[in-house]
Amino acid sequence: MLLAVLLIASGAQSGTLCIDFAARLPNVKRELCEAAQLQPTAARSVKGRTLWVRDVKPAHATLRVLVVGAIHGDELSSAAVALHWIRLAAQLPADVRQGIHWRFVPMLNPDGVFSGSPTRVNANGVDLNRNFPTPNWQRDARVYWEKRTRKDPRRWPGATPLSEPESRFLYDEMSGFKPQLIVSIHAPYGVLDFDGPSVPPSRLGRLYLDQVGIFPGSLGNYGGVHKGVPVVTIELPNATRTPQDGEMRQMWLDLLHWTNERVGPVQEVAAAPGSAPRTP
């Protein structure tokens, strides 16, 4: 009886979620969201919004890939593309999925997305992509914020690493799921970035590789440089409009092809100094 009640409650919550997603995200209809079959986690945002995930896992998966959208709440297209990719992953025949267990977190920063006017930062004013525990974070993060960004409030790293429930959730997902590849979807620079071991993809769809360096507290720095997990950062060309459906599919197919050619077991590596970055 309790299980039935929980399932009904979860279904009702998911239905409300898809109405909200369709109203806020570009190129997302309620049917697309419902077909994604997102599952609630126990994690909550600062304002108490549920963080949702979806696993697509063939029977004999040997590779784990974590896909994250909307780390920045004003990059609406990133969450939308993640939902479209869930559909593509689920539609592939089992023998074409190449043994990949996909875990999607389409919207890490729901408070930013659903703010009256979408915001890059979360409800505490923290840039989640500056809040991961990279080496020397306490020494470098605030200095970088003050000197390089001139105290840009959109890039405030927080008082301490992992100070935010959203970044702690993703940190725990990385620790528990142990992905061998992380794909982080952003906008609007229109390039492809890469951190970590392996040969980076030269292009995904129309996005070409343009490595922008690392900075304190970023997911690319923490995952790719410090933990040795390749991090592909996709910068879509527009934050409020997705690429056309055919282009999203081509990006997905290119990612599949590169993943199966280049990604293997992860070896944790020591942190290394990076080049001077832009501030995506």
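## First stop: the disulfide

Select Cys-18 and Cys-33, which form a disulfide with their sulfur atoms 2.2 Å apart; a disulfide is here a pair of cysteine sulfur atoms within 2.5 Å. The model is a predicted one, in which local features need pLDDT of at least 70 and side-chain atom pairs count only at pLDDT 80 or more, while totals for chains, interfaces and linings use all residues. Residues are numbered from 1 along each chain as its sequence is written, and side-chain values use heavy atoms, with hydrogens and water left out.

A search of the whole structure finds one disulfide. Cys-18 lies in helix 1 (residues 2-24) and Cys-33 in helix 2 (residues 30-36), so the pair ties together parts that are 15 residues apart in sequence. Helices (H or I, at least four residues) and strands (E, at least two) are DSSP runs, numbered from the N terminus. The torsion about the S-S bond of Cys-18 and Cys-33 is about -75°, so this disulfide is left-handed. Both Cys-18 and Cys-33 are buried, where buried means under 20% relative accessible area, exposed means over 50%, and partly exposed lies in between (1.4 Å probe, protein chains only).

Seven of them form an open sheet in the order 1-2-4-3-5-9-6, with mixed pairing; two strands pair if DSSP finds at least two bridges between them. The edge strands, each pairing on one side only, are strand 1 (39-44) and strand 6. From one strand to the next, the twist averages 20°. Axes are lines fitted to C-alpha atoms, for helices over the stretch in contact, and angles run from 0 to 180 degrees between N-to-C directions.

Begin at strand 1. Strand 1 and strand 2 pair in the antiparallel sense over three bridges, and the bridge partner of Gln-39 in strand 2 is Val-53. These two strands, strand 1 and strand 2, form a hairpin with five residues between them, and Gly-48 in the turn has a positive phi of about 90°. Six of the seven residues of strand 2 are buried, so strand 2 is largely enclosed by the rest of the structure.

Move on to strand 4. Strand 2 and strand 4 run antiparallel and are joined by three bridges; Val-56 has Trp-102 in strand 4 as its bridge partner. Strand 3 (residues 63-69) and strand 4 (residues 100-105) pair in the parallel sense over six bridges. Arg-64 stands opposite His-101 in strand 4.

Which strands does helix 6 lie across? Helix 6 lies across strand 1, strand 2 (50-56), strand 3, strand 4 and strand 5, running at about 170° to strand 3. Helix 7 lies across strand 5, strand 6 and strand 9, and runs at about 150° to strand 9.

Is helix 7 largely enclosed or largely open? Seven of the eight residues of helix 7 (residues 219-226) are buried, so helix 7 is largely enclosed by the rest of the structure. What covers its buried residues includes helix 6 (165-177), strand 5 (181-186), strand 6 (192-195) and strand 9 (231-235); contact means heavy atoms within 4.5 Å. Helix 7 is followed by Gly-228, whose phi is positive, near 75°.

Now select helix 3 (residues 76-91) and helix 8 (residues 245-262), whose axes come within 10 Å and cross at roughly 65°. Val-81, His-84, Trp-85, Leu-88 and Ala-89 in helix 3 meet Asp-245, Met-248, Arg-249, Met-251, Trp-252 and Leu-255 in helix 8.

Select Gln-37 in the loop between helix 2 and strand 1. Phi of Gln-37 is near 50°, a positive value in a residue other than glycine. Gln-37 is partly exposed, with a relative accessible area of 47%.

Ala-70, in the loop between strand 3 and helix 3, has a positive phi of about 50° although it is not a glycine. Ala-70 is buried, with a relative accessible area of 0%.

Finally, select Pro-188, in the loop between strand 5 and strand 6. The peptide bond from Ala-187 to Pro-188 is cis, with omega near 10°.
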